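I begin with the overall layout and then turn to a few local features.

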Amino acid sequence: MRADSSPARRHRRVGGTRLLAIGVAVYAGADLAADVVTGGLVWVRRGALGLAALSLLIAAARRLRPQHRSAVVLPRWFGPWTAAPVGVLVTAADLPNAFPYLIAIERLVTVDVPLATGLWVLVGYAVVYCLPCLMLLAVGMLHGERMRRGLQRVYDRIGQARTVPRSIPAALGLVLLAAAVAAIAARV
């Protein structure tokens with residue numbers, strides 16, 4: 001698991017390019033589709049926020065009793081030949097992260113931003129979106145062993161099998177957060 005592997009670097013580059021290409025296509029076609037899907041993004045936002053509030057409530061209920069957490073390990077079948085299909089599945093699972101991007105495009109269309117300006121905004125968004133991953137990749141390439149030791153300490157602290165005790169304050173905090181997210185969903 002080397003930090004400087006070219007498939008990982010190529011995946012980041014392709015992922016950012018793909019994000020930008022999808023954004024440009026959606027933005028360029030947004031005027032045509034705006035009449036058809038009027039208000040659709042509002043419901044997408046409400047649904048996403050409602051799902052987030054529900055997930056927080058479930059997490060709050062789980063914090064009311066001790067939970068056994070298994071160690072985080074890769075299965076034996078995971079290797080270079082299975083990494084690509086798993087990567088496709090993980091990318092599909094990451095699609096909810098596209099909602100802010102789609103909302104940004106909807107806002108650009110709503111305020112009638114000129115196409116050239118909107119494209120520059122999308123380029124900036126794609127750079128900001130990909131920047132944390134690129135920074136992690138660069139740090140891993142420059143300080144691989146030191147970073148690996150730090151990650152091992154994090155894994156030893158939270159990745160090992162353990163029993164997490166119940167926490168009423170954490171549960172209350174999660175309920176309050178769920179209420180706040182639900183309130184935001186109702187106002188959107």
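**Notes on the predicted model**

1. Taken in sequence order, the elements of the chain run α-α-β-α-α-α-α-β-α, which gives seven helices and two strands. Please keep in mind throughout that this is a predicted model, and that the values below are computed from it.

2. On burial and surface, the chain has 188 residues, of which 15% are buried. Its accessible surface amounts to about 13600 Å², and carbon and sulfur atoms contribute 70% of that area.

3. Two aromatic pairs are found when the whole structure is searched. One of them joins tryptophan 77 and phenylalanine 78, whose ring centres are 6.2 Å apart and whose planes meet at 65°, so that the pair is classed as edge-to-face; the cut-off for that class is an angle over 60 degrees. As for accessibility, tryptophan 77 counts as exposed, with a relative value of 55%, whereas phenylalanine 78, at 31%, counts as partly exposed.

4. The other pair is formed by tyrosine 101 and tyrosine 125, with ring centres 4.8 Å apart and planes at 45°, and it is therefore described as tilted. Because tyrosine 101 belongs to helix α4 (residues 99–110) and tyrosine 125 to helix α5 (residues 115–142), the pair ties together parts of the chain that are 24 residues apart in sequence.

5. A last point concerns serine 167, which is found in the loop between β2 (162–164) and α7 (168–187). A polar atom of the serine 167 side chain lies 3.2 Å from the backbone nitrogen of alanine 170. Serine 167 is itself buried, its relative accessible area being 18%, and I would ask that this value be quoted beside the label, given that the cut-off for buried is under 20%.

Definitions and conventions
Residues are numbered from 1 along each chain as its sequence is written. This is a predicted model: local features need pLDDT of at least 70, side-chain atom pairs count only at pLDDT 80 or more; totals for chains, interfaces and linings use all residues. Side-chain values use heavy atoms; hydrogens and water are left out. Helices (H or I, at least four residues) and strands (E, at least two) are DSSP runs, numbered from the N terminus. Buried means under 20% relative accessible area, exposed over 50%, partly exposed in between (1.4 Å probe, protein chains only). Accessible areas come from the Shrake-Rupley method with a 1.4 Å probe; for residues, only the protein chains shown count as cover. Rings of Phe, Tyr and Trp (its six-membered ring) pair if their centres lie within 6.5 Å; planes under 30 degrees apart count as stacked, over 60 as edge-to-face and the rest as tilted. A polar contact is a pair of N or O atoms within 3.5 Å; within protein, one must be able to donate a hydrogen and the other to accept it, and residues adjacent in sequence count only if both atoms are side-chain atoms.
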